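Take a look at the chain below.

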Amino acid sequence: MSRYSPNKETVSKERMMEILRRPVITEKATLMAEHNQVSFFVPMDANKFEVKTAVEELFKVKVTSVNTLIAKGKAKRFRGRPGTRADAKKAVVTLAEGETIDVTTGI
């Protein structure tokens, strides 16, 4: 079954709150803000249409595009034992000209 959901009515309010886990706060992410881009950590099963709908509905802004990427978990050692960090999916959201999101405040 496809999770394709282009209509706002098909994405529930609970799913919208689940999709945007937290904003990415890094030096590169703050530089992207100059180009009207904001990045969020999202669930691995989230698609671009759900992310676009969630950002538009929760922040009341116009989204022009959404790019997603999966950051593979690094191999690390914890107390001498090898392990791996979990994979993470990020969504880079490009906002329309003149639109802004302040990610430091809550929804």
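Here is a short tour of its charged pairs and of some backbone angles.

## Before you start

Keep in mind that this is a predicted model.

## Salt bridges

Side chains of opposite charge can pair when their charged atoms come close. Searching the whole structure turns up four salt bridges. Start at Arg15, which pairs with Asp45, their closest N and O atoms sitting 3.5 Å apart. This pair ties together distant parts of the chain: Asp45 is in the loop between strand 2 and helix 3, while Arg15 is in helix 1, 30 residues away. Arg15 also bridges to Glu50, with 3.1 Å between the closest N and O atoms. Here helix 1 is linked to helix 3, across 35 residues of chain.

Asp45, at 37%, is partly exposed.

Elsewhere, Lys62 makes a salt bridge with Glu56, with the closest N and O atoms 3.9 Å apart. Lys62 is partly exposed at 45%, whereas Glu56 is buried at 12%.

## Positive phi angles

Most residues other than glycine have a negative phi. Asn36 isn't a glycine, yet its phi is positive, about 60°. You'll find Asn36 in the loop between helix 2 and strand 2, and it counts as buried because its relative accessible area, 16%, is under 20%.

Lys60 also has a positive phi, near 55°. Lys60 belongs to the loop between helix 3 and strand 3. Is Lys60 buried or exposed? At 64% relative accessibility, Lys60 is exposed.

Methods: Residues are numbered from 1 along each chain as its sequence is written. This is a predicted model: local features need pLDDT of at least 70, side-chain atom pairs count only at pLDDT 80 or more; totals for chains, interfaces and linings use all residues. Side-chain values use heavy atoms; hydrogens and water are left out. Helices (H or I, at least four residues) and strands (E, at least two) are DSSP runs, numbered from the N terminus. Buried means under 20% relative accessible area, exposed over 50%, partly exposed in between (1.4 Å probe, protein chains only). A salt bridge is a side-chain nitrogen of Lys or Arg within 4 Å of a carboxyl oxygen of Asp or Glu.
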